Amino acid sequence: MKKNEKKILAVLLIIVLALIAYGIIPVVMASNPDSMHGGNSYYIYGTVTSRLEIDNTTTFEVNDSGHYFYVFYNGSAPAVGSHVLVHGEYSNIFIDTISATSVYPWYYAL
């Protein structure tokens, strides 16, 4: 193998590893909904199923593998159908809610 071919192979390997790492991040960071306790901060990962935005405050529903959360966020959220990684404080008073401190659109996951 020539030196240039080795460099190209190394760059391709780095790209593939970076894509795999990016795809695994939400799976690793997301909390199991059954182990959540009120008042603690958690990450959830799922699909936005509905969204309501009023005066830069957004309420949206996230489907995390069949478990639904209502997320309250002081900012704009991605569109319905988008995948998101949400971080915030969990509470449950009749419904599961997250008061989000951050919402990250996620474009690819394994």
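Colleague: What makes you say that Phe 60 stands opposite Val 71 in β3?

Modeller: In this predicted model, Phe 60 faces Val 71 of β3, and seven bridges join β2 to β3, which run antiparallel. Two strands count as paired if DSSP finds at least two bridges between them, so with seven bridges β2 and β3 are called paired. Strands here are DSSP runs of E with at least two residues, and helices are runs of H or I with at least four, numbered from the N terminus.

Colleague: Why are Phe 60 and Val 71 called part of a nonpolar core?

Modeller: The name is given to a set of buried Ala, Val, Leu, Ile, Met, Phe, Trp, Tyr and Cys residues joined through side-chain atoms within 4.5 Å, where buried means under 20% relative accessible area with a 1.4 Å probe and protein chains only. The largest such core has 16 residues, and Phe 60 and Val 71 are among those with the most contacts inside it. β1, β2, β3, β4 and β5 each give two or more residues to this core.

Colleague: What does Val 103 touch?

Modeller: Leaving aside residues up to four places away in sequence, Val 103 touches Phe 60, Tyr 73, Pro 78, Val 84, Leu 85 and Val 86, contact meaning heavy atoms within 4.5 Å.

Colleague: How do you know where confidence is lowest?

Modeller: By pLDDT, the predictor's confidence in each residue from 0 to 100, helix α1 (residues 3–29) is lowest at a mean of 86, whereas β3 is highest at 94. Local features need pLDDT of at least 70, side-chain atom pairs count only at 80 or more, and totals for chains, interfaces and linings use all residues. Residues are numbered from 1 along each chain as its sequence is written, and side-chain values use heavy atoms, without hydrogens and water.

Notes
Buried means under 20% relative accessible area, exposed over 50%, partly exposed in between (1.4 Å probe, protein chains only).
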